[in-house]
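Please read it alongside the sequence and the model.

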Amino acid sequence: MEALQNVGVFLVQTLFSLYIGAVLIRFLLALSRANFYNPLSQFLVKITNPVLVPLRRLIPAIGKLDTAAIVLALGLKVIQVLLLVALQGSDASLPVVLVYAVVDLLRTVINIYIFALIIQAVLSWVGNSYGNPLADVLHSLTDPLLRPIRNVVPTIGMVDLSPMVAILLLYVVLIVLQSIGL
């Protein structure tokens, strides 16, 4: 029975995390005004539209903020946590689940930025990233985060230290979130 429980937990964690990640990346790309004609952006649009389009009829956007995507990500995270709690035979109160879901979504957003910065750095080492759809999306995603840091941290020679500073700051925020205890 424990093997089936572990398989269930694995499937719930993996499938929900992948879809929540796709919704959050789409939200972040829209927030940073990325090119939605990019093939990677189109992939995200196609896999998230079946749920987001009907939800947008109920939950309108607030300015540039796609509130439907935020509500969808939060709702999916709450469902994921409730399923995991049920699979493990535990119980949790709804306020605790909501707080955990919000903190975990913040962690996910921070991890998306960390991975994006690392992949962008690796692509810059490889060389010609011109015309690469991934490089274009990563630049659109990380530029709003790196621009203020670049104003403070100077480029040394040809080396841009702003991604490293951004990753360090993001890890500090992760440590603070971890110290909350959730």
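In this predicted model, Val51, Leu52, Leu55 and Arg56 of helix H2 meet Ala68, Ala69 and Leu72 of helix H3, contact being heavy atoms within 4.5 Å. The residues of this contact divide into 6 nonpolar, no polar and 1 charged; Ala, Val, Leu, Ile, Met, Phe, Trp, Tyr, Cys and Pro count as nonpolar, Asp, Glu, Lys and Arg as charged, and the others, Gly among them, as polar.

**Basis**
- Residues are numbered from 1 along each chain as its sequence is written, and side-chain values use heavy atoms, without hydrogens and water.
- Local features need pLDDT of at least 70 and side-chain atom pairs pLDDT 80 or more, while totals for chains, interfaces and linings use all residues.

**H2 and H3 geometry**
- The axes of H2 (residues 39-58) and H3 (residues 67-87) come within 9 Å and cross at roughly 115 degrees.
- Axes are lines fitted to C-alpha atoms over the stretch in contact, with angles from 0 to 180 degrees between N-to-C directions.
- Helices are DSSP runs (H or I, at least four residues), numbered from the N terminus.

**Annotated spans**
- The unreviewed UniProt entry annotates residues 7-29, 67-85, 97-123 and 152-177 as "transmembrane region"; such annotations may be inferred rather than shown by experiment.
- Residues 7-29 are 100% helix, with end C-alpha atoms 33 Å apart.
- Residues 67-85 are 100% helix, with end C-alpha atoms 27 Å apart.

**Gln120**
- Gln120 lies in helix H4 (residues 94-126).
- Gln120 counts as buried because its relative accessibility is 18%, buried meaning under 20% relative accessible area with a 1.4 Å probe, protein chains only.
- Leaving aside residues up to four places away in sequence, Gln120 touches Leu138, His139, Thr142 and Leu146.

Notes: Helix = DSSP H or I, 4+ residues; strand = E, 2+ residues; numbered from the N terminus. Buried < 20%, exposed > 50% of the residue type's maximum accessible area, 1.4 Å probe, protein only.
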